[in-house]
Amino acid sequence: MFGFNENKLKPNLKMAVGRIGIVKNKKANAAKVARKEVAKLLADGKEEKARIRVEGLIREDFIVEAYEILELLCELLAERVALIKAERSCPYDMREAVCTLIWAATRTEIPELGEVKSQLTKKYGQDFTAAALRNVDGCVNERVIHKLSVQPPNAYLVINYMKEIAKQHNVSWVPDETQIMDPLAPMVAPTGTSVGQAAVSGPDFAAIYAAAPPPGKVPSAFPTVPSIAPSAPAPVAAPAPFVAVTPLQQGASASAPATESDDVPDFDVLASRFAMLRKRN
């Protein structure tokens with residue numbers, strides 16, 4: 001296909017092999033340090049934290065295993081570049097190798113695989129690359145798919161990793177496998193059972209949080225609470241209800257003398273009130 005250049009494909013395959021070797025050595029050294037840290041956590045009784053570290057350790061081991069397969073496939077294609085150039089379509093016995101390298105190009109930290117993917121796309125076309133990325137008909141290597149998967153490892157594998165690490169570093173640790181409901185499922189999220197209590201949260205400090213701590217155990221920094229409650233304030237008399245007064249009532253109250261009785265005034269008093277009102281109007 002137009003654009004394909006075997007002089008770019010083979011060097012990048014060789015460089016990918018070299019890069020994979022460097023990455024594998026780097027991850028192997030990091031794994032040794034991680035195993036020692038896990039052993040120390042198990043020795044200190046921090047099992048939950050050790051499980052989390054082991055999941056990362058298993059993931060790195062999976063990646064190394066996938067890289068070793070990709071390394072073999074790169075070497076195979078490097079030796080068969082002439083066949084790739086001569087054949088118009090992808091040879092059947094090389095289809096899995098080609099599809100796997102295309103699929104893994106964007107899922108690894110090997111930049112040279114990007115150029116390998118580009119050259120294979122120019123050779124076999126966009127449709128071929130799209131099918132490889134979707135793993136049509138299972139054309140991609142199953143182990144590479146599994147090892148580069150983002151799914152967490154199952155509980156059985158995590159526990160066995162921890163057993164092996166404890167054995168290698170002479171750590172006396174026995175897992176409680178009765179709490180694992182499904183060995184093929186991922187480990188459950190940590191609940192904090194392996195985390196110790198803080199210095200002021202144990203039973204010896206329960207008096208600090210009591211409503212009435214015993215004498216002699218109250219910290220000096222705490223304020224002294226008075227034993228006698230303050231007296232209640234004197235009740236305030238409620239205001240008298242408001243009553244609207246009409247002008248007629250105002251004039252009547254001003255002219256009529258105050259009486260000690262609530263009886264209705266006689267006829268003469270009422271007549272004098274009406275007379276005063278007429279004069280005003």
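User: How are H1 and H2 oriented to each other, roughly parallel or roughly antiparallel?

Analyst: Happy to walk you through it! Bear in mind that this is a predicted model. In general, two packed helices are described by the angle between their axes and the distance between the axes. Here, helix H1 covers residues 6–43 and helix H2 covers residues 47–79. Their axes come within 9 Å and cross at roughly 160°. Angles over 145 degrees count as roughly antiparallel, so that is how H1 and H2 run relative to each other.

User: Which hand does the crossing of H1 and H2 have, and what kinds of residues make up their contact?

Analyst: The crossing is left-handed. The contact between H1 and H2 is made of 20 nonpolar and 15 charged residues, with no polar ones.

User: How do I read an aromatic pair, and how many does the structure hold?

Analyst: The general idea is that a pair of aromatic rings is described by the distance of the centres and the angle of the planes. This structure holds one such pair, formed by Tyr124 and Phe128. Their ring centres are 5.1 Å apart, and with 40° between the planes the pair is tilted.

User: Is Tyr124 buried or exposed, and what about Phe128?

Analyst: Buried means under 20% relative accessible area. Tyr124 has 13%, so Tyr124 is buried. Phe128 has 19%, so Phe128 counts as buried too.

User: Where does the charged end of Lys147 sit?

Analyst: Look at Phe62: the charged end of Lys147 sits over its ring, 4.0 Å from the centre.

How values were computed:
Residues are numbered from 1 along each chain as its sequence is written. This is a predicted model: local features need pLDDT of at least 70, side-chain atom pairs count only at pLDDT 80 or more; totals for chains, interfaces and linings use all residues. Side-chain values use heavy atoms; hydrogens and water are left out. Axes are lines fitted to C-alpha atoms, for helices over the stretch in contact, and angles run from 0 to 180 degrees between N-to-C directions. Helices (H or I, at least four residues) and strands (E, at least two) are DSSP runs, numbered from the N terminus. Angles under 35 degrees count as roughly parallel, over 145 as roughly antiparallel, 65 to 115 as roughly perpendicular and the rest as oblique. A crossing is left-handed if the near helix is turned anticlockwise from the far one by less than a right angle, and right-handed if clockwise. Ala, Val, Leu, Ile, Met, Phe, Trp, Tyr, Cys and Pro count as nonpolar, Asp, Glu, Lys and Arg as charged, and the others, Gly among them, as polar. Rings of Phe, Tyr and Trp (its six-membered ring) pair if their centres lie within 6.5 Å; planes under 30 degrees apart count as stacked, over 60 as edge-to-face and the rest as tilted. Buried means under 20% relative accessible area, exposed over 50%, partly exposed in between (1.4 Å probe, protein chains only). A charge sits over a ring if NZ of Lys or CZ of Arg is within 6 Å of the ring centre and within 35 degrees of the ring normal.
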